[in-house]
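Notebook open, model loaded. I'm jotting down what I looked up, in the order I looked.

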Amino acid sequence: MMNNCDTTNLINRLKRIEGQVRGIQRMISDGEADCKSVINQMTAVRSAMNNLMGIVMTENLKNIVEYPEKDDQLQQKKLADAIDMIVKK
């Protein structure tokens with residue numbers, strides 16, 4: 001699935017998100033952060049995850065189009081599954 005995708009970039013993005021989540025945990029456990037600050041950080045994490053999902057889905061679609069299946073029905077199923085992932089996002 002991730003043939004053409006820069007996995008180093010994906011891992012770096014995930015590590016950054018992980019750091020943000022740990023920061024939120026610290027904010028909550030310290031009890032000093034106000035609700036607005038916590039929600040702002042949560043929004044940033046959600047946005048980062050949405051962007052990462054977009055990158056992964058784009059690579060999936062590119063792979064489906066660039067390397068089509070010989071079986072037409074299987075190709076159509078892969079495209080339908082990819083579209084379902086996008087719609088459910």
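I started with what the buried residues of H2 pack against: H1 and helix H3 (72-88). I took contact as heavy atoms within 4.5 Å, and helices as DSSP runs of H or I, at least four residues, numbered from the N terminus. This is a predicted model, where local features need pLDDT of at least 70, side-chain atom pairs count only at pLDDT 80 or more, and totals for chains, interfaces and linings use all residues. Residues are numbered from 1 along each chain as its sequence is written, and side-chain values use heavy atoms, with hydrogens and water left out.

Next I listed the buried residues of H2; among them are Val-38, Val-45, Ala-48, Leu-52 and Ile-64. Glu-59, Asn-60 and Asn-63 are on that buried list too. My cut-offs: buried is under 20% relative accessible area, exposed is over 50%, and partly exposed is in between (1.4 Å probe, protein chains only).

How far to trust it? Mean pLDDT (the predictor's confidence in each residue, from 0 to 100) is 90 for the protein, and 93% of its residues reach 70 or more. Confidence is highest in H1, at 96, and lowest in H3, at a mean of 88.

Then salt bridges, meaning a side-chain nitrogen of Lys or Arg within 4 Å of a carboxyl oxygen of Asp or Glu. I found four in the whole structure, and wrote up these:

- Arg-22 pairs with Glu-18, closest N and O atoms 2.7 Å apart. They sit four residues apart in helix H1, so about one helical turn separates them. Arg-22 is partly exposed at 45%, and Glu-18 is partly exposed at 38%.
- Asp-81 pairs with Lys-77 at 3.0 Å, and both lie in helix H3, four residues apart, about one turn. Asp-81 is partly exposed at 36%, as is Lys-77 at 49%.
- Glu-69 meets Lys-78 at 2.5 Å, N to O. Glu-69 counts as partly exposed at 28%, and Lys-78 is partly exposed at 34%.

Last, I looked at the surface. Ile-11, Leu-14 and Met-49 form a nonpolar patch there, with about 230 Å² of accessible area together. Leu-14 belongs to helix H1 (residues 7-30) and is partly exposed at 40%.

Note on methods
Patch = residues over 30% accessible without salt bridge, like charges linked within 9 Å, V, L, I, M, F, W, Y side chains within 5 Å. Areas by Shrake-Rupley, 256 points an atom, 1.4 Å probe, with all protein chains shown as cover. Helix = DSSP H or I, 4+ residues; strand = E, 2+ residues; numbered from the N terminus.
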